[in-house]
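The report below walks through one protein chain, from its overall form to a few individual residues. Please keep the sequence and the 3D view at hand while reading.

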Amino acid sequence: MKTLKLMAFFCAATLTLASCSNNDNDVEAKLDTKILFTSNNNDGNVNMYNVINLNSVGKATLTTPISAADGIYYDANQDLVVQASRSTFGVEGYANITSFATSTTVAASVTGTLDMQSPREIAVNGNMYVVADNADVDGDSATKDGKLFIYTNNGGNFTLRNTITTNFKLWGIVFIGNDLYAIEDTTNKLAVFRNFLNNTSNTTLSATKSIFVEGIVRTHGLTYDAAADLMILTDIGDAANGQDDGGFHLINNFTANFNNTANAETLALSEQVRVAGSNTLLGNPVDVAYDNDAKTVFIAEAGNGGGRILAFSNIGSGGNLTPSYNASLSKASAVYFHKE
């Protein structure tokens with residue numbers, strides 16, 4: 001089973017787990033699999049962190065043929081890691097990663113056309129992969145726009161189905177059911193496109209709804225946990241300050257809070273929990289993932305110290321928290337949490 005394969009991968013890579021056993025039943029009974037997949041804009045490699053225990057995190061690296069990457073996703077059914085390449089400007093997948101015994105060099109096994117200019121986050125719904133591109137679509141810097149590329153994963157190929165042009169710059173995106181939520185880059189706004197994949201032609205599309213999020217200066221990353229009905233948004237603050245003016249917000253009871261905030265109105269800070277301050281090491285937190293079981297937030301921090309992977313536990317009422325895990329990763333760009 002996939003869980004045991006992932007455990008074998010990390011045990012073979014001499015990473016410290018709570019325990020490693022030759023007895024499959026013992027392993028299955030005692031351990032979960034919790035892997036944090038990360039991308040970066042320094043070397044394009046996929047780093048995989050075993051985060052079942054933040055006091056003894058292990059790491060394995062897939063050395064990829066690309067030199068920079070952003071959005072990342074792991075499909076457990078296909079044992080496939082997918083990145084949005086910022087060096088080839090396409091979507092690339094690396095298959096059968098749990099068959100490797102240790103850190104290794106991989107070749108792309110699922111590829112497609114090279115359509116994009118500045119790909120960022122990936123959002124997945126079934127076999128549909130949506131990539132946000134924040135390049136200037138019309139060539140006029142005075143107008144804000146972006147483009148969403150919609151690919152179908154058909155076995156060994158990513159096939160471009162259609163593109164959607166937006167009237168705002170893009171960064172993070174995530175599906176909640178059939179609705180696509182999107183960050184409006186350079187602002188503190190969060191937008192939604194209802195039944196997004198029903199739009200099957202190349203077109204320009206306005207968001208169904210967009211709200212302001214009080215307390216955020218400029219948001220980038222987002223993630224949603226359905227079990228907790230929790231949305232998390234990152235705040236990079238001033239993009240020129242990559243050291244200490246960033247943070248992240250937790251929005252509990254997200255569905256009701258979002259629905260009860262009218263279009264173009266503001267979600268109050270009183271409905272959120274903010275983590276920020278000099279202890280956090282948050283300067284440019286560009287992406288976020290969440291482990292609901294451990295109540296732990298993972299951050300791809302692009303600025304502070306040249307780039308870091310950070311984890312925050314025991315968030316409570318927020319504030320100037322110290323990370324419970326801190327690892328250097330040059331130009332960290334994206335994180336994806338996988339649990340079995």
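## Basis of the model

This is a predicted model, in which local features need pLDDT of at least 70 and side-chain atom pairs count only at pLDDT 80 or more, while totals for chains, interfaces and linings use all residues. Residues are numbered from 1 along each chain as its sequence is written, and side-chain values use heavy atoms, with hydrogens and water left out.

## Overall form

The protein chain has three helices and 27 strands, where helices (H or I, at least four residues) and strands (E, at least two) are DSSP runs numbered from the N terminus. Its radius of gyration is 19 Å, close to the 20 Å that the globule rule gives for 340 residues, so the chain is as compact as a globular protein of that length; the radius is taken over C-alpha atoms, and the rule is 2.2 Å times the number of residues to the power 0.38. Along the principal axes, the C-alpha atoms fill a box of roughly 60 × 45 × 35 Å.

Buried residues make up 57% of the 340 residues, where buried means under 20% relative accessible area, exposed over 50%, and partly exposed in between (1.4 Å probe, protein chains only). Among contacts (heavy atoms within 4.5 Å) between residues at least 6 apart in sequence, 55% join residues at least 24 apart.

## The nonpolar cores

A nonpolar core is a set of buried Ala, Val, Leu, Ile, Met, Phe, Trp, Tyr and Cys residues joined through side-chain atoms within 4.5 Å. The largest has 34 residues, and those with the most contacts inside it are Leu36, Tyr181, Leu190, Met231, Leu233 and Phe254. A second, separate core of 18 residues includes Ile150, Ile173, Ala182 and Leu197.

Leaving aside residues up to four places away in sequence, Met231 touches a set of residues that includes Val174, Ile176, Tyr181, Leu222, Thr223 and Phe254. Thr223 belongs to strand β18 (residues 219-225) and is buried, with a relative accessible area of 16%.

Leu160 is found in strand β12 (residues 157-166) and, at 30% relative accessibility, counts as partly exposed. Beyond four places in sequence, Leu160 touches Thr113, Asp115, Phe149, Ile150 and Tyr151; Ile150 is itself listed in the second core.

Ser206 sits in the loop between β16 (203-204) and β17 (209-213). The C-alpha atoms of Ser206 and Asn167 are separated by 6.5 Å, although these residues are 39 residues apart along the chain, and Ser206 is in contact with Asn167 and Phe193 when neighbours within four places in sequence are set aside.

## Two asparagines with positive phi

Asn195 has a positive phi of about 45 degrees although it is not a glycine; this residue is found in the loop between β15 (189-193) and β16 and, at 39% relative accessibility, counts as partly exposed. Asn253, also not a glycine, has a positive phi of about 50 degrees and lies in the loop between β20 (247-251) and α3 (254-259).
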